[in-house]
Amino acid sequence: MKVCLVSSPTAAEFDARLADSEAVRQISEQAPIGILTLAAILGQHGITVEVVDLNRTYYRYLRSAAYRRRPDFCSYVAREFASRSFDLWGFSTIC
């Protein structure tokens, strides 16, 4: 079984102006501990897990040609996810 665990974005909230702040960047680039813990437990049970941290994906997007052509992070992520194949997707939330 292949599982993809997606960590929701936190500090940047898809706003390039906030992403330019060094303090916000440092906070949002911290590892998503909850999802990493779950991934480790699943891995111990023989399940293949990939973790996607949307904070890191957002910073990669800001440096990409896609951002310069047409700034639309949601479409960028949708295309990235469409190119992958998993049996199960898990998404974290913030409330």
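Phe81 is buried, at 15% relative accessible area; here buried means under 20%, exposed over 50% and partly exposed in between, with a 1.4 Å probe and protein chains only. Before going further, a word on the source: this is a predicted model, where local features need pLDDT of at least 70 and side-chain atom pairs count only at pLDDT 80 or more, while totals for chains, interfaces and linings use all residues. Residues are numbered from 1 along each chain as its sequence is written, and side-chain values use heavy atoms, leaving out hydrogens and water.

The structure holds nine aromatic pairs. Rings of Phe, Tyr and Trp (its six-membered ring) pair if their centres lie within 6.5 Å, and planes under 30 degrees apart count as stacked, over 60 as edge-to-face and the rest as tilted. Phe81 and Trp89 make a tilted pair, because their planes meet at 55°, with ring centres 5.0 Å apart. Trp89 itself is partly exposed, at 29% relative accessibility.

Phe81 also pairs with Phe91, this time edge-to-face, at 6.4 Å centre to centre and 65° between the planes. This pair links distant parts of the chain, ten residues apart: Phe81 belongs to helix α6 (residues 73–82) and Phe91 to strand β3 (residues 88–91). Helices (H or I, at least four residues) and strands (E, at least two) are DSSP runs, numbered from the N terminus. With a relative accessible area of 52%, Phe91 is exposed.

## Other ring contacts

Which residues form one aromatic cluster? They are Tyr58, Tyr61, Phe73 and Tyr76.

A charge meets a ring as well: the charged end of Lys2 sits over the ring of Phe86, 5.2 Å from its centre. The criterion is NZ of Lys or CZ of Arg within 6 Å of the ring centre and within 35 degrees of the ring normal.

## Helix α3 and the surface

Gly34 lies in helix α3, which covers residues 33–44, and is exposed at 58% relative accessibility. The C-alpha atoms of Gly34 and Ser92 are separated by 8.7 Å, although the two are 58 residues apart along the chain.

Ile33, Leu36 and Val51 form a nonpolar surface patch with about 240 Å² of accessible area together. Patch members have over 30% relative accessible area and no salt bridge; nonpolar side chains (Val, Leu, Ile, Met, Phe, Trp, Tyr) are joined within 5 Å, like charges within 9 Å. A salt bridge needs a side-chain nitrogen of Lys or Arg within 4 Å of a carboxyl oxygen of Asp or Glu. Val51 is in strand β2 (residues 48–53).

Methods
Areas by Shrake-Rupley, 256 points an atom, 1.4 Å probe, with all protein chains shown as cover.
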